[in-house]
Amino acid sequence: MAAVSPPVFRFAPSPNGYLHLGHAYSALLNQQLARQSGGRLLLRIEDIDLGRCRPEFEATILEDLEWLGLEWETPVRRQSEHFADYAAALQRLKSLGLVYPSFMSRKEIDAAIQASEGRWPHDPLGAPQYPGSERELNADDLASRIASGEDHALRLDMVKALALAGNDLGWTEKAPAGQARITANPSAWGDVILARKDTPTSYHLSVTVDDALQGVTDVVRGMDLYHSTSIHRLLQQLLSLPEPVYHHHPLITAPDGPKLAKSAGSPSLRDMRKQGIRPQDIKRQLGF
């Protein structure tokens with residue numbers, strides 16, 4: 001009988017700021033679940049945004065996690081070192097006729113929406129969906145605009161993608177009370193961006209490729225990424241990648257209600273360390 005491989009978990013922060021309690025909770029939960037299942041824990045640095053991600057943030061992330069007592073396998077995967085992997089996946093989607101260039105700026109998209117009649121569809125995060133008006137632009141015109149260096153993004157043609165993948169998409173969601181099969185709804189996102197001129201990939205594409213290449217079997221992350229799973233399952237289907245199981249945990253919130261966020265200036269683990277707060281205090285506060 002063949003040996004059963006242990007489950008593989010990952011914690012994947014972005015070095016565009018300092019970690020806060022929400023990150024600590026997710027990291028510690030990944031470690032706890034990995035240990036309980038006899039699994040492995042990986043650390044991935046998601047630094048595709050070369051303009052915002054900085055080495056000093058990554059260094060502090062590693063210090064914070066070691067201070068918390070997190071243990072992970074090495075080497076650490078840094079997304080900025082693997083753009084070729086994402087380019088190969090993007091080329092596969094292009095070969096399937098599922099990718100097209102989009103030249104509309106955010107301002108132009110907003111103007112098109114304002115000029116429309118009726119209620120405009122929004123994605124799960126509340127942003128208006130891209131109109132999709134550039135799907136069928138003239139091929140010669142496209143080639144000329146791209147050759148001239150005109151700024152553009154590469155989008156997934158959602159209609160064609162769903163026709164190829166089929167609408168019977170879903171994922172297994174684990175929770176303390178059990179697990180359930182969730183129906184995916186990628187169309188709620190519209191034609192998502194897969195790459196930009198300044199960033200040759202996207203969060204959706206890179207995280208999907210990375211999870212497959214690293215053999216991740218259990219994706220444990222915050223509830224704020226719950227709806228993104230629909231896009232990730234679609235890309236997995238289109239690229240013939242394995243399907244992990246998912247566990248979206250509750251978010252740690254501030255006393256006044258909003259979720260903790262780097263952009264909101266939430267207290268950082270770095271500052272807590274400087275204030276003399278102990279790792280065991282953090283763990284106790286978070287329920288570990």
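These numbered points walk through the helices, sheets and strand pairs of a predicted model.

1. **The parallel sheet.** Start with β1, β2 and β3. These 3 strands form an open sheet in the order β1-β2-β3, and the pairing is parallel. Which strands stand at the edges? They are β1 (8-11) and β3 (73-78), each with a single partner strand, so one side of each has no neighbour in the sheet. Neighbouring strands here are turned by 30 degrees against each other on average, direction ignored.

2. **How β2 meets β3.** Strand β2 covers residues 40-45. Its parallel pairing with β3 runs over 3 bridges.

3. **Helix α1 itself.** Now follow α1 from end to end. The helix has 16 residues and reaches 22 Å from its first C-alpha to its last. That is close to the 22 Å expected at 1.5 Å a residue. Is α1 largely enclosed or largely open? Buried means under 20% relative accessible area. By that cut-off 13 of the 16 residues of α1 are buried, so the rest of the structure largely encloses this helix. Just after α1 comes Gly38, with a positive phi of about 70 degrees.

4. **α1 against α10.** Helix α1 (residues 21-36) packs with helix α10 (residues 279-286) at an angle of about 85 degrees. Their axes are 10 Å apart. Angles of 65 to 115 degrees count as roughly perpendicular, and α1 and α10 are therefore roughly perpendicular to each other. Which residues meet? From α1 come Leu21, Ala24, Tyr25 and Leu28; from α10 come Ile282, Lys283, Gln285 and Leu286. By class, this contact has 6 nonpolar, 1 polar and 1 charged residues. An α-helix has 3.6 residues a turn, so residues three or four places apart point the same way.

5. **The antiparallel sheet.** Another open sheet has 3 strands in the order β4-β5-β8, with antiparallel pairing. Its edges are β4 (99-102) and β8 (193-196). Each has a single partner strand, so one side of each is left without a neighbour in the sheet. On average, neighbouring strands of this sheet are turned by 30 degrees against each other, direction ignored. Strand β5 (residues 153-156) is joined to β8 by 3 bridges, and the two run antiparallel. Within that pairing, Leu154 stands opposite Ala195 in β8.

6. **The hairpin.** Next come β6 and β7, which form a hairpin with 2 residues between them. How many bridges join strand β6 (residues 170-175) to strand β7 (residues 178-183)? There are 6, and the pairing is antiparallel. Lys174 has Gln179 in β7 as its bridge partner.

7. **An exposed residue.** Finish with Arg106, which lies in helix α4 (residues 106-115). Is Arg106 buried or exposed? Its relative accessibility is 67%, so Arg106 counts as exposed.

How values were computed: Residues numbered from 1 in each chain as written. Predicted model: local features only at pLDDT ≥ 70, side-chain atom pairs only at ≥ 80, totals over all residues. Heavy atoms only, no water. Axes fitted to C-alpha atoms, helices over the stretch in contact; angles between N-to-C directions. Helix = DSSP H or I, 4+ residues; strand = E, 2+ residues; numbered from the N terminus. Parallel < 35°, antiparallel > 145°, perpendicular 65-115°, else oblique. Contact = heavy atoms within 4.5 Å. Nonpolar A, V, L, I, M, F, W, Y, C, P; charged D, E, K, R; others polar. Pairing = 2+ DSSP bridges. Expected span 1.5 Å × (residues − 1). Buried < 20%, exposed > 50% of the residue type's maximum accessible area, 1.4 Å probe, protein only.
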